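New notebook page. I'm jotting down what I looked up, one item at a time.

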Amino acid sequence: KAAFVSPNAIDVSPHGEKAGEPHVRIEAEHFLIATGSRSREYVKYKADGKRILTPFHLVRLKTLPASAVVLGAGIEGIEAAALLAKYGCSEVHLVCHGARLFAEDDDDFSAALYDALHTAGVQVHTNAKLEFAKEDDSGIECRVTRTVLGYNADGAPDRKKDVRRTFKVENLILCDGRVPNTKDLNLEAAGVDVSDQNGAILVNEHNRSISAPNICAAGDVIGGYGLSQVAEMEARVAVEQLFEPEFATKNGYEPVSVMIHICPRAAMVGMSEQEAIRRRIPHVTAMVDLNHGAVGLINKYSHPRRTFPDNPAPDGSRIGDDILAAIENEEEEADTITEPIGFVKVVVKDDDSKQLLGVRCVGKGAKGVVQAAGVLMGAKLHIAELTRVPQPQPTILGALQQAARMTLGTSIHKAHQHSTTWVRTYHPPEGEPEVELEAGKREKLVASYMDGG
């Protein structure tokens, strides 16, 4: 454990806070703080590692519970619910505070996540709150209250009402976001300012503390995304600033991508369609339903797979059996062929630059889609660059390429023939300028592990 005693010194307890153990004082011209984050604490519900758990406890269980309520529907909550359902938890309830999952993102992306969870057997309760949780020897009793619309005799919504349901489950999982690990660092002694909201260290665009410039910070401790790749980027920028400021790079948050580990996979990079509209950016949006791409068509019209009829192995099995078994071990390859559900959606700036603003993707192989899109966005290239690169088929990357072509009017897809494969254009009302970001401001464009839901 370590804590500041001045802007240029920390006291370190090598083995924690054992009584009588001497501290080791370390002095330095500069410090980089990267102490990460912890699960947000609840006033009403205290995690004990037995009945009431955090994600930290959940992944360390020797056996998963048969039933659970997951409180909080951010990325951590969604992944926890999906994990429980996948590995045999027969009753999983996900309590979402908002009207829908990821309420600040696009409706179609939110709906796809809901469908994936519902298919897995997760019961999602939106506009909901946990009213109480009572423990006993057999489990924990949770009452969930949902606010729903009431309807009049004509079928029109006219009021809101609360619907209460009580569940008896083995565990309550607290997944309402994360907070920076700063409260035990004695940052006041170093003159480091933190956010009143969550204790995050306040830094400038170079990751230097705004009040103590000899101290830098990176990763969850400054808030943001809760992603290891972002923490690494911020740490590199900070170290460059400390030792070679004349050659230092800047953080690049626009192409930050996030994977949501459910089935099928979901991923996002850059801004959503709704965010582009909020900022009044002229853009073209294209959506490709994976069932209308190569993978979906192969799955629709192909015959069931058959093993090779000849050349049996000495034990009586066939070569084809071995090949199919090997393919099944390649999860992405096998699932890409057998599970084409999902979509690829791109948002492209509608000006001469034709820069890719963002991508939302649901389906096996989503990781590769946002990786390719992130490279294009980071280099601020014309979307046509993506259409010129031959993509391996059949993969979800082909759908990304077709979506890009749809924004340029060069796709073979006939969007007008499908309700789920389409293209549309947005231009702000005349006289309303694009919303510019403040210089150096760090604004999240994708969902974060730091957020609840």
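Predicted model: local features only at pLDDT ≥ 70, side-chain atom pairs only at ≥ 80, totals over all residues.

Numbering runs from 1 along each chain as its sequence is written, and side-chain values use heavy atoms, leaving out hydrogens and water.

I checked burial next: 45% of the 453 residues are buried (under 20% relative accessible area, 1.4 Å probe, protein chains only).

Then I searched the whole structure for aromatic pairs and found 4 (ring centres of Phe, Tyr or Trp, the last by its six-membered ring, within 6.5 Å; planes under 30 degrees apart are stacked, over 60 edge-to-face, the rest tilted). F4 with F31 is edge-to-face, because the planes stand at 75°, with centres 5.2 Å apart. F4 is in strand β1 (residues 2-6) and F31 in strand β4 (residues 31-33), so this pair ties together parts 27 residues apart in sequence (strands are DSSP E runs of at least two). F4 counts as buried at 5% relative accessibility, and F31 does at 10%.

F102 and F109 make a stacked pair, 6.4 Å centre to centre with 10° between planes. Both are buried.

Last, I looked for charges over rings (NZ of Lys or CZ of Arg within 6 Å of the ring centre and within 35 degrees of the ring normal). The charged end of R60 sits over F56's ring, 3.7 Å from its centre. R424 has its charged end over the ring of W422, 3.9 Å from the centre.

Note on methods. Buried < 20%, exposed > 50% of the residue type's maximum accessible area, 1.4 Å probe, protein only. Helix = DSSP H or I, 4+ residues; strand = E, 2+ residues; numbered from the N terminus.
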